[in-house]
Amino acid sequence: MPITVRDATEADLSGILAIYNEVVRTSSAVYTEQEATLEDRKVWFAQRAGQGYPVLVAGHPADDSVLGYATFGDFRPWPGYRHTVEHSVYVRADMRGRGVGRALVEPLFGRATSLGKHVMVAGIDAANPASIRLHDRLGFERAGTLREVGHKFGRWRDLVFMQRFLDAGRD
């Protein structure tokens, strides 16, 4: 199936919201049980745009429905981390395992590099082997596991950190 990846617009926010809230309800990919509102997503989208950070959506060329989305933001707020970003990628439940995640994450590398970023980080629930495999295939390396740092669905969650260097000429 052909997939197009493009910059998101405000018109995509309802599709992004539906994917995000489905992930909140059914998975441990986000350590919250609080669903977002459309207003929340509008604020989030404006913040990303204000920082010059992309929000990408994957769509089907025939109907342009949102099949998934990806973005990145600051890893931590202090100046010493300004060259590191943490990304997020979420795919609609019926489209997982079909290459949508890879199609969304790969363009983020160039976008981050063009903004002077050096490292991209992924924080992945340890009980999500599909996401860990995706990141392995995209050249991320495991950087460590933080045990029992999250809590969702009545149990403690381990968080796997993975990282990828973005610039070939690093010191």
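This is a predicted model: local features need pLDDT of at least 70, side-chain atom pairs count only at pLDDT 80 or more; totals for chains, interfaces and linings use all residues.

Me: Which element gives the most residues to the largest nonpolar core?
Reply: This core has 26 residues, and Phe-72, Val-100, Leu-104, Phe-109, Met-120, Phe-140 and Met-162 have the most contacts inside it. Two or more residues come from each of β2 (55-59), β3 (66-74), β4 (84-91), α3 (100-114), β5 (119-125), α4 (129-137) and β7 (155-165). With 6 residues, the element that gives the most is α3.

Me: How many residues does the second, separate core have?
Reply: Tyr-20, Trp-44, Val-55 and Val-57 are included in the second core. This core is separate, and its number of residues is 17.

Me: Which residues does Met-162 touch, not counting those up to four places away in sequence?
Reply: Met-162 is one of the residues with the most contacts inside the largest nonpolar core. Not counting residues up to four places away in sequence, Met-162 touches Met-120, Val-121, Ala-122, Ile-124, Ile-132, His-135, Asp-136, Phe-140, Glu-141, Arg-142 and Ala-143.

Me: Which residues that line the largest pocket are the closest to its centre?
Reply: The largest pocket holds about 1,000 Å³ of space. Its lining receives two or more residues from each of α1 (13-26), α2 (38-51), β3, β4, α3, β5, α4 and β7. Of the 41 lining residues, the closest to the centre are Ala-29, Val-89, Tyr-90, Asn-128 and Ser-131.

Me: Is Glu-148 buried, partly exposed or exposed?
Reply: Glu-148 is in strand β6 (residues 141-152), and has a positive phi of about 55° although it is not a glycine. Its relative accessible area is 44%. Buried means under 20% and exposed over 50%, so Glu-148 is partly exposed.

Me: What relative accessibility does Phe-153 have?
Reply: Phe-153 is found in the loop between β6 and β7. Its phi is near 55°, a positive value in a residue other than glycine. Phe-153 counts as partly exposed, and its relative accessibility is 41%.

Technical notes:
Residues are numbered from 1 along each chain as its sequence is written. Side-chain values use heavy atoms; hydrogens and water are left out. A nonpolar core is a set of buried Ala, Val, Leu, Ile, Met, Phe, Trp, Tyr and Cys residues joined through side-chain atoms within 4.5 Å. Buried means under 20% relative accessible area, exposed over 50%, partly exposed in between (1.4 Å probe, protein chains only). Helices (H or I, at least four residues) and strands (E, at least two) are DSSP runs, numbered from the N terminus. Contact means heavy atoms within 4.5 Å. On a 1 Å grid over the protein atoms alone, a cavity is a set of points where a 1.4 Å probe fits but cannot get out, and a pocket is an open set with protein on both sides within 12 Å along at least five of seven lines; lining residues have an atom within 4 Å of a point. Grid points are joined across faces, edges and corners, and a volume is the space filled by probe spheres set on the points.
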